[in-house]
Amino acid sequence: MRKKIVAGNWKMNTTVPEGVELAKAVVELSGKADESVQLIVAAPFTHLCPLAEVLKGTRVALSAENCADKEKGAYTGEVSAAMLASAGCGYTILGHSERRQYYGETDAKLVEKTRLALANGLKVILCVGENLEEREAGKHFDVVEAQIKNVLFNFSAEELKEIVIAYEPVWAIGTGKTATAEQAQEIHAFIRKTVAAKFGAQAAEDTSILYGGSCKPSNAAELFACPDIDGGLIGGAALKAEDFIAIACSY
Ligand code: PEP
């Protein structure tokens, strides 16, 4: 049975003390969400050690927002998967569209990052999604299929168990424009079919596929009701504990 997951992506927001307060508030409200929902917060590198302390023994897991594509060594400014694991992370987001767009994240780099994250015991939230131009040209299925094939298809069915897919249409991220439940369901089903073609129907059934893109308390229930949507990757609305938990309560 695949997991329902609601993960907050804080991006480059909050100072360390603000982040600690936000995490404490999330923990305090977390009991409102159904037990079956895995809660995750993804925070900047600077926040991870103090947040690991706050989240220890709670139902809220800790995630990084990225990791290096190299194991260790002379890579100034990078943070390795081993470092993230030692800081208390259980997950890392990889391939967020902001990293693809602003920091030259390629599918080839994502293969390395995913390999290192898994080797260090981290679960991966792998982001895919098309931009507006691609959606308007009707290329969204091709774009997402290529992203899945270029990255995910390099791993085994066993490794797939440690990977969560997040479908995030770039045109919906931080724009207030959400994909309709029909648009989201259609492409989530397509992603599951693509995963099934390589890894088998059962492996695809067991893979959590999250929706991300202006998901908020007012639209989460409709999205989460779709059969192939297994939760959300939440940006802006994750910066308010009440909204983040209200989204998790949409199940
Ligand atoms: C995200 O960046 O992962 C995201 C979904 O952002 P937002 O919810 O703000 O659109």
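This is a chat about a predicted model and some of its residues.

Visitor: Hi! What kind of model is this, and how are the residues numbered?

Guide: Welcome! It is a predicted model, where local features need pLDDT of at least 70, side-chain atom pairs count only at pLDDT 80 or more, and totals for chains, interfaces and linings use all residues. Residues are numbered from 1 along each chain as its sequence is written, and side-chain values use heavy atoms, with hydrogens and water left out.

Visitor: Let's start with the ligand. Which residues come nearest to it?

Guide: There are 14 residues around the ligand, and Lys11, His96, Glu168, Gly174 and Ser214 come nearest. Being near here means that one of a residue's heavy atoms lies within 4 Å of the molecule or strand in question.

Visitor: How many of the shell residues are nonpolar, polar or charged?

Guide: The shell has four nonpolar, eight polar and two charged residues. In this scheme Ala, Val, Leu, Ile, Met, Phe, Trp, Tyr, Cys and Pro count as nonpolar, Asp, Glu, Lys and Arg as charged, and the others, Gly among them, as polar.

Visitor: How far is the side chain of Lys11 from the ligand?

Guide: A side-chain N or O atom of Lys11 is 2.6 Å from an oxygen atom of the ligand. That is a polar contact, meaning a pair of N or O atoms within 3.5 Å; within protein, one must be able to donate a hydrogen and the other to accept it, and residues adjacent in sequence count only if both atoms are side-chain atoms.

Visitor: And what about Gly174 and Gly235?

Guide: Both use the backbone. Gly174 has a backbone N or O atom 2.6 Å from an oxygen atom of the ligand, and a polar backbone atom of Gly235 is 2.8 Å from a ligand oxygen. The protein covers 96% of the 290 Å² of accessible area that the ligand has on its own. Those areas come from the Shrake-Rupley method with a 1.4 Å probe; for residues, only the protein chains shown count as cover.

Visitor: Back to Lys11: where is it, and is it buried or exposed?

Guide: Lys11 is in the loop between strand 1 (4-9) and helix 1 (16-29). Helices (H or I, at least four residues) and strands (E, at least two) are DSSP runs, numbered from the N terminus. Lys11 counts as buried because its relative accessibility is 19%; buried means under 20% relative accessible area, exposed over 50%, and partly exposed in between, with a 1.4 Å probe and protein chains only. Lys11 also has a positive phi of about 55 degrees, although it is not a glycine.

Visitor: What is the phi of Ser214?

Guide: Ser214 has a positive phi of about 55 degrees, and it is not a glycine. You'll find Ser214 in the loop between strand 7 (209-212) and helix 11, and it is buried, with a relative accessible area of 16%.

Visitor: New topic! How many aromatic pairs are there?

Guide: The structure holds five aromatic pairs. Rings of Phe, Tyr and Trp (its six-membered ring) pair if their centres lie within 6.5 Å; planes under 30 degrees apart count as stacked, over 60 as edge-to-face and the rest as tilted. One of the pairs is Phe153 with Phe199, which is edge-to-face because the centres are 5.9 Å apart and the planes are at 85 degrees.

Visitor: Where do Phe153 and Phe199 sit?

Guide: Phe153 lies in the loop between helix 7 (140-151) and helix 8 (157-160), and Phe199 in helix 9, so the pair ties together parts that are 46 residues apart in sequence. Phe199 counts as buried at 13% relative accessibility.

Visitor: How are Phe224 and Tyr251 arranged?

Guide: They form a stacked pair, 4.8 Å centre to centre with 20 degrees between the planes. Phe224 is in helix 11 (residues 220-224) and Tyr251 in the segment after helix 12 (241-248), 27 residues apart. Phe224 is buried at 5% relative accessibility, while Tyr251 is partly exposed at 29%.

Visitor: Last one: what does Asp69 touch?

Guide: Not counting residues up to four places away in sequence, Asp69 touches Lys109, Glu112, Lys113 and Leu116, where contact means heavy atoms within 4.5 Å. Asp69 is in the loop between strand 3 (60-64) and helix 3 (81-87), and counts as buried at 17% relative accessibility.
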